[in-house]
Amino acid sequence: MCGIVGYLGKKEKKEILIEGLRELEYRGYDSAGIAIIKGKKLNNFKAIGKIINLEEKTNDFHSDGFGVSIGHTRWATHGKPTELNAHPHLGKYSFVVHNGIIENYQSLKTELQDDGISFLSQTDTETIVHLFEKNYKDDSFQAFKDTLDRLEGAYATLLITETAPDTIFFAKNGSPMLIGFEGDDVYFASSDTPIIGKAEEVYYLEDGEYGYAKDGIVKLFNKDGEEKRFLKEILVSDKALAQKDGYRFFMEKEIYEQSTVMSDTMMGRIVDNNIYFEELNDGLLDGINSIKICACGTSYHTALASSYLFERISKIRCDIEIASEFRYKEPLLSSDTLFITVSQSGETADTLEALKMAKRAGLKSLSICNVDNSSIVRESDASILTRAGIEKGVASTKAFATQMMVLWMFAIELAQRRNTITKENLQIEIDAMLHTPKALIVKDKLHNKLNRLAKRYLHGHGFFFIGRDIFYPLALEGALKLKEISYLHAEGYPAGEMKHGPIALADSELFTIALMPKTVHYDKIKSNVEELSARDATILAISPEPFELADDFIQTQYDNHPMLEFFEMMVITQLLALEISIRLGNDVDMPRNLAKSVTVE
Ligand code: AGP
């Protein structure tokens, strides 16, 4: 959570920082700020809310000529989204920005307050800058190191100070940060997007690393304090992929893109009518007898859906865990289990920590991830990239679709290896996969219908998305999409469970979105929906089969393969959430209280 940027060089610093923060705004947009030191001059601007507010405040400010600068966009963890709590935090003569959580900040703060230091903000971050200044005698780097020694928790942090006005101090532990190099210019950022187009070479910092940048040179130290020689990588990425292209919101564009990115996801992975992942080498799957998948949010939903496929088709035991629960349940892990993490960003703190735990327990690990070089990818023994392209909408869409495709393909790959699928059934699966891009094409007629339908679903006391089997995780995902961007209460529920309690809520103001595929337990779900209809719930049925009890009905086209039905219904639930949110006047891409990448616990 939170995004940080830094720049050392002669270019116009304000612009570099603000452009960079705009790229990171998806990580949090409660407030933003920048600080620049040029010679003896300290400049600091902060604004509540989105980057545009900060831009307006800095309109008349210019900062070219050599200097050091840092910036931050915040997702509030400690303290409300106020200007005082916005980063960079100022001591007497130094500024700091930080992404992560300083777990022992309360005891540090008390210690500093006992020394007579007063705090302006309620944040954990402010302790860093005061501690630095307390530690400073005559050597800024020594003071920075002494400060890091006292910090517990996760951080990616940048510090600039008048005592070393040509230097940026940096440290990373548990939160992402990379350094970009271009001539004498040095850039810092939480992810590569702010650096693309500015620097061609980058270095992704590892946990425990810290150092400083001065005169275009970066001195890097490992967690044991030894200076480290490091290899820079070439930064290859195409930022043009992240423009809105005439769509109202990134989320809308990303829903429409699903059809094409799905072809990228499959490219080179279906060879001679077999599924093939070149990433699965070096005996990763040797001796594996079960799977455990850990993920959060939307990624958890694809994991849950895939567990039906792994057990049903690959005949391998598959347990799914919410990463934040897994971390503290003291799980019993066995080394014949393949530990899979699923993550769009590859930076989700809970998922990353779960992966580290599994590795410590000796498990082999595979990540299914959208961002190459992310922390989760770098921590895993092997990774399969989902190739969804940059996803900007906070509400995940194409990442969900491509994760689901990779997991489906991996289930079939395992079935091939384990001889649990006939040639005939393998062909059916592959044909369905190849047909998926078509099933994901958004038709105008459908979008218009959902636009009109959205009008009817703006009030009421809640939504239930219901489904069975793989359509249960899809129901969870449909409800999550709606909650995230419309702020209406929605729940995903297994259709057969409604009668065990939630049906008590049924009345005409309870909106039920019923996922009624033809290929998976149609008769069972039909009875469940009939039970709700008998209690006067308002039903929006989504099915290839006409359903006369529905108040509203969307007829789907696919009725011959569960996954094609799954993807077709997925698009419908995404568009429904989008249209409801737009009608409510919400900012679809930056819903309140959320951030794209949750890098705090
Ligand atoms: C999805 O719409 C959400 N924004 C959120 O649930 C997300 O899926 C979750 O935070 C996990 O993120 P990750 O896939 O990047 O690990």
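1. Gln403 in this predicted model is placed in helix H11. Its relative accessible area is 2%, so Gln403 is classed as buried. Apart from residues up to four places away in sequence, Gln403 touches Thr298, Ser299, Thr302, Val342, Ser343, Gln344 and Thr386. With one of these residues, Ser299, there is also a polar contact between side chains, at 3.0 Å.

2. Thr397 is found in the loop between strand S21 (382–385) and helix H11 (398–417). Is this residue, Thr397, buried or exposed? Thr397 counts as buried because its relative accessibility is 0%. If neighbours within four places in sequence are set aside, the residues in contact with Thr397 are Met251, Glu254, Ile255, Gln258, Glu391, Lys481 and Gln574.

3. The next matter is the division of the chain. The protein chain falls into domain 1 (3–243), domain 2 (250–439) and domain 3 (444–583). Between the C-alpha centres of domain 1 and domain 2 the distance is 34 Å. Domain 1 supplies 14 residues to the contact, and domain 2 supplies twelve residues. The area that domain 1 and domain 2 bury between them is about 1100 Å², and 51% of that area is on carbon and sulfur atoms.

4. How many salt bridges are counted between domain 1 and domain 2? The count is two salt bridges. Two residue pairs in polar contact are also counted between domain 1 and domain 2, both at pLDDT 80 or more. On the side of domain 1 that touches domain 2, seven residues are nonpolar, three are polar and four are charged.

5. Side chains of opposite charge can pair when their charged atoms come close. The structure as a whole holds 33 salt bridges. One of them joins the side chains of Lys11 and Asp185, with an N to O distance of 2.8 Å. Lys11 belongs to the loop between strand S1 (3–9) and helix H1 (13–24), and Asp185 belongs to strand S10 (residues 185–189), so this pair ties together parts that are 174 residues apart in sequence. Lys11 has a relative accessible area of 41% and is therefore partly exposed, whereas Asp185, at 11%, is buried.

6. Another pair links distant parts of the chain, namely Asp207 and Lys356, 149 residues apart. Asp207 is in the loop between strand S11 (201–204) and strand S12 (209–214), and Lys356 is in helix H9 (residues 349–360). The two residues form a salt bridge in which the closest N and O atoms are 2.8 Å apart. Asp207 is partly exposed because its relative accessible area is 30%. Lys356 has a relative accessible area of 13%, so Lys356 is classed as buried.

7. A further salt bridge is formed by Lys518 and Glu545, whose closest N and O atoms are 3.6 Å apart. Where do the two residues, Lys518 and Glu545, lie? Lys518 is in the loop between strand S24 (510–515) and helix H15 (522–534), and Glu545 is in the loop between strand S25 (538–543) and strand S26 (552–555). The pair therefore ties together parts that are 27 residues apart in sequence. Lys518 is partly exposed, with a relative accessible area of 38%. Glu545 also counts as partly exposed, at 26% relative accessibility.

8. Some salt bridges share partners, and in this way Glu111, Asp115, Lys134 and Arg150 are joined into one network. Within this group, Asp115 is placed in the loop between helix H3 (105–114) and helix H4 (126–135). The relative accessibility of Asp115 is 44%, so Asp115 counts as partly exposed. The side chains of Asp115 and Lys134 are joined by a polar contact of 2.8 Å. The C-alpha atoms of Asp115 and Glu162 are separated by 22 Å, and these residues are 47 residues apart along the chain.

Note on methods:
Residues numbered from 1 in each chain as written. Predicted model: local features only at pLDDT ≥ 70, side-chain atom pairs only at ≥ 80, totals over all residues. Heavy atoms only, no water. Helix = DSSP H or I, 4+ residues; strand = E, 2+ residues; numbered from the N terminus. Buried < 20%, exposed > 50% of the residue type's maximum accessible area, 1.4 Å probe, protein only. Polar contact = N/O pair within 3.5 Å; in protein donor to acceptor, adjacent residues only side chain to side chain. Domains from an automatic or database assignment. Contact = heavy atoms within 4.5 Å. Buried area = accessible area lost by both parts, 1.4 Å probe. Salt bridge = Lys/Arg side-chain N within 4 Å of Asp/Glu carboxyl O. Nonpolar A, V, L, I, M, F, W, Y, C, P; charged D, E, K, R; others polar.
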